[in-house]
Amino acid sequence: MNETNHRYSGDDAGDALPPFLEAAVKSVREQPLPAASVERALKRAREIASSSETHRAADPVPFLSTPRGLQWRRFAMRPMAAAAAILLAATLLYLATRPQSAWADMARSMLTQDWIHVVERSPADEPLELWLSPRHQIKAVRIGRRVQLFDHRLKIAYSYEPAENTLYKMPDDDPRTPDDLELFVDAIPNLLRAGSYTSNDDKLAFLGSERDGAKVVSEKLETARDGQKSWSELTLTVQHPQLAEPVQMIVRADPITQLPHSWAIQGQVNGKRMAREVTFEYPSTGPTDAYALGVPDQAIFVDRVPADDVARLVDAIAAARQRFDNYHAIVVESAASNQWYEGSPVQIWRKGTRWRMEFSVVHPIDPSIVPSDHDEFGWWRARVASVRSYPVQLCDGDSEYSVRGHFIEAENPLDRRFEIESMKRQPIIGSKSDATPSIWSRMPEFLSHPPLGIPRTDLEPTVDLNPTDGPPSTVLLRTRRTFVTRGNEQSGLADFHRYWIDRARSHVVLRWETSGPADASATYVTEDLAQSPQGHWFPTVVRLKNAIRNEDGTTEDSLLRFYVDFDTEIPDKMFVVDR
Amino acid sequence: VNDWDSFVAEHGVAVFRAAWRVLGHRQDVEDVTQEVFLEAFRLQLRTQPAWHWPALLRRMATFRALDRLRRRRSESPLDDPRIGPLLDEPDGVVERNELADRLRQAVAQLPPREAAVFCLRCYEELSYGEIGESLNISSQAVGVALHKARLKLQAILSEAVKGEEP
């Protein structure tokens with residue numbers, strides 16, 4: 001990998017470098033490449049084609065906001081280590097399929113406790129403490145000085161940011177991405193639901209694809225002694241396609257109360273030793289507010305529960321998006337300077353809470369074959385029917401699936417096809433009734449009613465009922481980013497997001513802007529609108545300002561054209577995943 | 001091995017190398033490599049004429065790496081771990097690595113166009129015509145930018161050496 005042939009094949013004599021500079025250039029050129037780093041980089045590059053993130057990243061339409069709820073909860077959610085997740089999945093499956101097991105009694109015992117205090121330790125992380133109260137419907141998490149408390153009964157959550165010395169109050173009305181420890185505990189009522197044990201794996205759908213392929217290769221239940229104390233000890237050895245070697249998990253429980261005492265994972269993952277230990281205690285009292293978890297009395301208190309105008313706009317936009325008609329759409333993106341028949345088509349089918357998206361492989365066509373007097377939608381229908389398409393994402397109402405696969409080249413480019421290797425299941429983002437697809441920036445109801453990213457601790461929303469700019473007869477919803485982080489160009493922006501909303505036309509967002517670095521900033525302008533049979537407004541043409549970045553640094557607008565059919569019959573099988 | 005894997009195998013090291021020469025920082029170079037291949041993937045999905053991939057990818061890697069180099073310079077000094085522990089390096093390697101880093105820091109101080117011309121010419125050995133095409137400037141303008149870059153780099157590096165003399 002070390003390139004040593006140093007030469008200057010100059011176009012002119014001015015190429016000669018002064019000796020010191022030439023030596024410096026030579027030292028750069030001859031510096032060996034770090035082999036491990038090259039391997040990592042190539043591995044990441046290879047994964048691009050099979051990742052749904054690719055389609056998100058390849059999508060020239062930047063995403064407006066992180067799906068609600070994820071950002072402000074980020075610190076409580078320690079990244080789920082793959083091995084731990086796999087073990088968790090295997091454990092839960094093990095419990096679920098063993099109705100007579102004493103371990104089911106353990107689960108039942110846990111649910112009768114006033115409080116469960118869990119501490120998770122691993123060599124690489126700060127200890128994580130978790131308090132759960134099935135009785136009080138409270139859950140709290142503490143990592144170092146960081147604290148979050150969820151009062152599920154009041155649907156309120158509190159989040160303390162030590163860097164800001166600020167305690168945020170937030171609504172707790174959205175589902176979340178749980179971490180593995182909480183999954184372990186939360187899974188117990190799932191397994192015991194309706195008073196009967198079941199092996200119905202739908203109840204474990206929240207584990208996503210991690211549970212697929214997990215296999216318990218050995219199990220051992222015995223009595224273990226620790227000083228004077230004896231424990232019931234279950235040892236599971238688990239294999240998984242993602243793990244080179246089997247990993248071991250040991251659960252200890254009190255033989256009398258059946259309450260778990262510890263849960264340990266150990267093994268080798270990717271050649272490195274992995275060790276995690278979780279201990280369980282059952283106190284009679286626990287934290288009922290954030291201050292009991294160590295939040296300073298003098299912390300600044302900020303209420304981010306949307307109120308009044310903001311709440312009404314957020315709710316109205318979400319409702320319009322949810323209630324949108326069923327449809328089949330062909331959405332074509334092209335440079336603004338291109339003709340309507342030039343571009344990349346995406347097909348979308350939506351039926352209630354289910355959707356399917358397909359990309360088509362098209363190649364430039366001879367403009368002379370395009371009739372000048374024509375039905376654009378009809379033309380595109382015929383066009384996508386004549387080329388190969390492949391699904392990129394699909395939702396069956398319960399889970400989202402992203403495609404993994406690769407292209408197979410052919411002599412004739414039109415015969416190039418995409419071979420699907422697998423469909424990866426993942427939990428839907430948001431709630432089942434208002435899910436946010438991974439790729440939503442081609443869906444008409446999302447372009448007109450985008451996820452707003454409200455509420456979020458670091459976003460302060462305000463409403464201007466009489467904006468001085470933007471489309472006429474609109475109100476302006478703007479968010480200020482309040483938290484400034486070092487080196488983060490997006491932080492501290494006065495107008496992080498701006499949405500001009502037409503309240504008279506089903507709260508359609510006619511223009512929206514998001515600020516930030518070049519890659520993240522975007523401006524969407526709805527140029528034409530139509531109304532669905534049920535009366536919902538949606539865009540037929542949207543302009544994305546400066547969305548195309550040319551190699552020379554210049555930019556160009558792109559256009560999204562929406563051809564939407566509300567009458568077509570959409571068979572249910574469109575949303576069935578054949579795994 | 002599928003198409004994409006072959007494509008990455010064919011061009012991956014060249015992309016990494018182009019970014020490495022500009023940045024010399026593992027994590028950043030890995031990120032840039034991924035960015036470049038993401039863009040390439042996107043280009044493949046679009047209806048575009050056939051690209052001359054080897055040159056295009058190297059140019060993209062150089063441009064993205066320069067963007068990152070400037071951003072890094074504005075955020076923090078160039079003191080990140082670069083090529084790992086130097087203690088066991090054979091004689092002369094430490095000095096050469098230091099020299100390489102000095103040049104990178106100096107390039108980060110150049111105006112964007114001059115930095116791009118310098119890197120494409122001296123690191124990637126592209127012709128004036130290829131450089132001019134990618135920057136949308138004439139070959140003559142490439143020569144002028146390269147001349148200015150050389151003078152400035154010489155001045156910056158000389159200044160740095162003087163600053164270290166007792």
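1. Two residues are in contact when heavy atoms of theirs lie within 4.5 Å of each other. This matters for reading the present structure, which is a predicted model. In that sense, Leu21(A), Val25(A), Val28(A) and Arg29(A) of helix α1(A) meet Phe118(B), Cys122(B) and Tyr123(B) of helix α5(B).

2. The geometry of this meeting can be stated.

3. Chain B has seven helices and zero strands. Read from the N terminus, its elements run α-α-α-α-α-α-α. Of the 166 residues in chain B, 52% are buried. Chain B exposes about 7,500 Å², and carbon and sulfur atoms supply 50% of that area.

4. The contacts in chain B also deserve a remark. Among those with a separation of 6 or more, 69% are between residues 24 or more positions apart.

5. Which residues touch the most other members of the largest nonpolar core? They are Leu103(B), Val107(B), Phe118(B) and Tyr123(B), in a core of 112 residues. Helix α1 of chain B, residues 3-23, gives this core its largest share, 10 residues. A second, separate core has 21 residues, including Val118(A), Val238(A), Met274(A) and Phe280(A). As background, nonpolar side chains tend to be buried together in soluble globular proteins.

6. Leaving aside residues up to four places away in sequence, Tyr123(B) touches Val25(A), Val28(A) and Arg29(A) in chain A. In chain B, Tyr123(B) touches Arg21(B), Val22(B), Leu103(B), Val107(B) and Phe118(B).

7. Glu124(B) lies in the loop between α5 (112-123) and α6 (128-135) of chain B, while Arg21(B) is in helix α1 of chain B, so the pair ties together parts that are 103 residues apart in sequence. Are these two residues buried or exposed? Glu124(B) has a relative accessibility of 7% and counts as buried. Arg21(B) is buried too, with a relative accessible area of 3%. The cut-off for buried is under 20%.

8. Over all chains, the structure holds 33 salt bridges. One of them joins Glu460(A) to Arg480(A), with the closest N and O atoms 3.3 Å apart. This pair links distant parts of the chain: Glu460(A) is in strand β21 (residues 459-464) and Arg480(A) is in strand β22 (residues 475-481), 20 residues apart. Glu460(A) is partly exposed, at 29% relative accessible area, and Arg480(A) is partly exposed at 36%.

9. Another salt bridge in chain A joins Arg543(A) and Asp557(A), whose closest N and O atoms are 3.0 Å apart. Arg543(A) belongs to strand β26 (residues 537-549) and Asp557(A) to strand β27 (residues 555-565), and the two residues are 14 residues apart. Asp557(A) is buried, with a relative accessible area of 15%.

10. Salt bridges can also form a network. One such network links Arg40(A) and Arg44(A) of chain A with Asp28(B), Glu30(B), Asp31(B), Glu35(B) and Arg68(B) of chain B.

Note on methods. Residues numbered from 1 in each chain as written. Chains lettered and ligands numbered in written order. Predicted model: local features only at pLDDT ≥ 70, side-chain atom pairs only at ≥ 80, totals over all residues. Heavy atoms only, no water. Helix = DSSP H or I, 4+ residues; strand = E, 2+ residues; numbered from the N terminus. Buried < 20%, exposed > 50% of the residue type's maximum accessible area, 1.4 Å probe, protein only. Areas by Shrake-Rupley, 256 points an atom, 1.4 Å probe, with all protein chains shown as cover. Core = buried A, V, L, I, M, F, W, Y, C linked by side-chain atoms within 4.5 Å. Salt bridge = Lys/Arg side-chain N within 4 Å of Asp/Glu carboxyl O.
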